[in-house]
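The following note comments on a predicted model.

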Amino acid sequence: MPDNYHLIEGPIGDKYTLRRVRCEDVEKVAAHIRNYFLHDEPISSLCGYTEKYGDDFIFYFKYFLADGMSFWVEDNETGEVVAVRAICHEKMEVNPWITFPKTSRAAQIFIDIGEIVHDMEDIYEKYQLRESADLLLSSCAPKYRKQGISKELYKRAINFLAAEGFKMVKSVFTSPYSRAGVASLGFEEVSRLYYKDLKDENGNPMFDASKLDSESYAALMVKLL
């Protein structure tokens, strides 16, 4: 397990506390992911939420809990889940995503997009590394947004991961707000996939063009530590 939790856990101002996800926290954090992340995240929004998709994604989230790098922010007054920051330890030679259940169309599309964007640029070859920390997901409940909580989570996560010895932090970012936020923290884009270029198994556009704009793309972004 990680040794530097003191660099990420603790108060955020007077109202909130950042904690690692423990066994007793898992279900309420999972409920937050279902209720917010899987409705707000752009690919998920385009595909539409279903309970099967929720079940698939929560399986992924729980799988990576073993890495000990998933965190949540608690409202000190109400106990509510304010935000979630899930991180996984990725190794070049291991790809658990190919074995994960994909019982929903949305899960298949979500994973396929991630695989395609990664295949566009071999970051391990590019940076001569064999592992990275992947920022699996970031989510903040709507009523707590625009308070700087998500940015604080990113900053603390980067400090924590650097202390843990990671040389690279990366993720596929689908939200323009997330892309702008991490760019301000020194992340650089290495590959990009526009959703308008995706086709289904019949050669038809994957998504309704009327729901896409210039920001409708997934970008693999990297920060070296």
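1. Strand β3, residues 70–75, and strand β4, residues 81–91, form an antiparallel pair joined over five bridges. Within this pairing, V73 is placed opposite A83 of β4.

2. The two strands belong to an open sheet of eight strands with mixed pairing. Read across the sheet, the strand order is β1-β2-β3-β4-β5-β6-β8-β7. Its edges are formed by β1 (10–12) and β7 (188–194), each of which pairs on one side only. From one strand to the next, the twist averages 25 degrees.

3. Helix α4, spanning residues 105–119, packs on the sheet. The strands that α4 touches are β5 (131–140), β6 (168–173), β7 and β8 (217–224). The direction of α4 makes about 55 degrees with that of β8.

4. Q128, in the loop between α5 (123–127) and β5, has a positive phi of about 55 degrees although it is not a glycine. Is Q128 buried or exposed? With a relative accessible area of 60%, Q128 lies over the 50% cut-off and is therefore exposed.

5. The second residue is K146, located in the loop between β5 and α6 (149–163). K146 is likewise not a glycine, yet has a positive phi, of about 65 degrees. The relative accessible area of K146 is 88%, so this residue also counts as exposed.

Technical notes
Residues numbered from 1 in each chain as written. Predicted model: local features only at pLDDT ≥ 70, side-chain atom pairs only at ≥ 80, totals over all residues. Heavy atoms only, no water. Pairing = 2+ DSSP bridges. Helix = DSSP H or I, 4+ residues; strand = E, 2+ residues; numbered from the N terminus. Axes fitted to C-alpha atoms, helices over the stretch in contact; angles between N-to-C directions. Contact = heavy atoms within 4.5 Å. Buried < 20%, exposed > 50% of the residue type's maximum accessible area, 1.4 Å probe, protein only.
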